[in-house]
Amino acid sequence: MKTIFNQKTALSFLLLFSLTLSVSMAQTDDVVILDSDFPNSGGLIASLPVNVVLIEAKTSATLTETLKQALAKNPSVKNIHLFAPSSDASIDFGERSYTAAALGQQLDPSDFSANTGVTVFVYSCSLAKNAAGISLLENISSGTGFNVASCASCNDINEEFNFDYSVRPLNTTSNLFE
């Protein structure tokens with residue numbers, strides 16, 4: 001009897017362990033990078049799908065460091081969703097304001113060459129509407145090798161968001177919340 005009890009206990013433990021391991025390893029192809037100054041960040045965090053990796057940017061982190069961290073946390077990432085305040089010509093991230101020229105000097109494509117097929121979705125209603133913003137998005141793309149997409153048709157970040165601008169054609173047009 002004692003042997004049967006131990007076998008059943010061992011089998012139950014093994015099943016529980018494998019179930020826990022498979023659930024903890026289930027990740028999506030998405031990583032969310034959230035700047036602490038992004039409007040309604042608490043609501044955004046609450047609405048994220050459960051198995052999405054979330055990186056809350058620290059004030060001292062650069063955009064380059066945070067992109068590398070996103071790739072390290074989820075090596076199979078296909079979509080990076082960037083939520084950071086922006087203007088017509090810059091992204092504010094970690095107490096820094098990044099323009100096209102600044103990012104062009106900071107990003108090195110060799111740092112990201114191992115990751116292909118990644119798209120960075122920039123949640124902004126202003127960058128894709130003007131030449132300076134488009135230049136910034138193009139510099140992110142050329143500095144990382146990633147496709148970069150944003151929205152040119154929205155007026156407010158709280159309305160329905162369509163990624164109608166991208167540096168290269170998009171493989172997917174869905175967003176994180178669909």
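Two strands pair if DSSP finds at least two bridges between them. By that rule, this predicted model holds an open sheet of six strands in the order 2-1-3-6-7-8, with mixed pairing. The chain has five helices and eight strands. One disulfide turns up in a search of the whole structure.

**Overall layout**

- Along the sequence, the elements follow the pattern α-β-α-β-α-β-β-β-α-β-α-β-β.
- The chain has 178 residues, and 40% of them count as buried.
- Take the contacts between residues at least 6 apart in sequence: 67% of them join residues at least 24 apart.

- Strands of a sheet pair through backbone hydrogen bonds, either parallel or antiparallel.
- The order of the open sheet is 2-1-3-6-7-8. Strand 2 and strand 8 are its edge strands, and each pairs on one side only.
- Helix 3 (residues 63–73) packs on the sheet and touches strand 1, strand 2 and strand 3 (79–83). The direction of helix 3 makes about 160 degrees with that of strand 2.
- Strand 6 and strand 7 run parallel, joined by three bridges. Val120 stands opposite Val148 in strand 7.
- Helix 5 also packs on the sheet, where it touches strand 6, strand 7 and strand 8. The direction of helix 5 makes about 150 degrees with that of strand 7.

**Strands 1 and 2**

- Strand 1 (residues 30–35) runs parallel to strand 2, and five bridges join them.
- Asp35 stands opposite Ala57 in strand 2.
- Between these strands the chain passes through helix 2 (residues 41–47), and this β-α-β crossover is right-handed.
- Side chains alternate along strand 2 (residues 53–57). Val53, Ile55 and Ala57 point to one face and are buried.

**Cysteines**

- A disulfide is a covalent bond between the sulfur atoms of two cysteines.
- Here the disulfide joins Cys125 to Cys154, with an S to S distance of 2.0 Å.
- Cys125 lies in the loop between strand 6 (119–122) and helix 5 (131–144). Cys154 lies in the loop between strand 7 (147–150) and strand 8 (165–166). The pair therefore ties together parts that are 29 residues apart in sequence.
- The torsion about the S-S bond of Cys125 and Cys154 is about -120 degrees, so the disulfide is left-handed.
- Both partners are buried: Cys125 has 12% relative accessibility, and Cys154 has 1%.

**Positive phi in loops**

- Asn40 has a positive phi near 55 degrees, though it is a residue other than glycine. Asn40 sits in the loop between strand 1 and helix 2. Its relative accessible area is 56%, so Asn40 is exposed.
- Glu95 is not a glycine, yet its phi is positive at about 65 degrees. Glu95 is in the loop between strand 4 (91–93) and strand 5 (96–98). With 69% relative accessibility, Glu95 counts as exposed.

Conventions:
Residues are numbered from 1 along each chain as its sequence is written. This is a predicted model: local features need pLDDT of at least 70, side-chain atom pairs count only at pLDDT 80 or more; totals for chains, interfaces and linings use all residues. Side-chain values use heavy atoms; hydrogens and water are left out. A disulfide is a pair of cysteine sulfur atoms within 2.5 Å. Helices (H or I, at least four residues) and strands (E, at least two) are DSSP runs, numbered from the N terminus. Buried means under 20% relative accessible area, exposed over 50%, partly exposed in between (1.4 Å probe, protein chains only). A crossover is right-handed if, with the strands pointing away from the viewer, the path from the first strand over the helix to the second runs clockwise. Contact means heavy atoms within 4.5 Å. Axes are lines fitted to C-alpha atoms, for helices over the stretch in contact, and angles run from 0 to 180 degrees between N-to-C directions.
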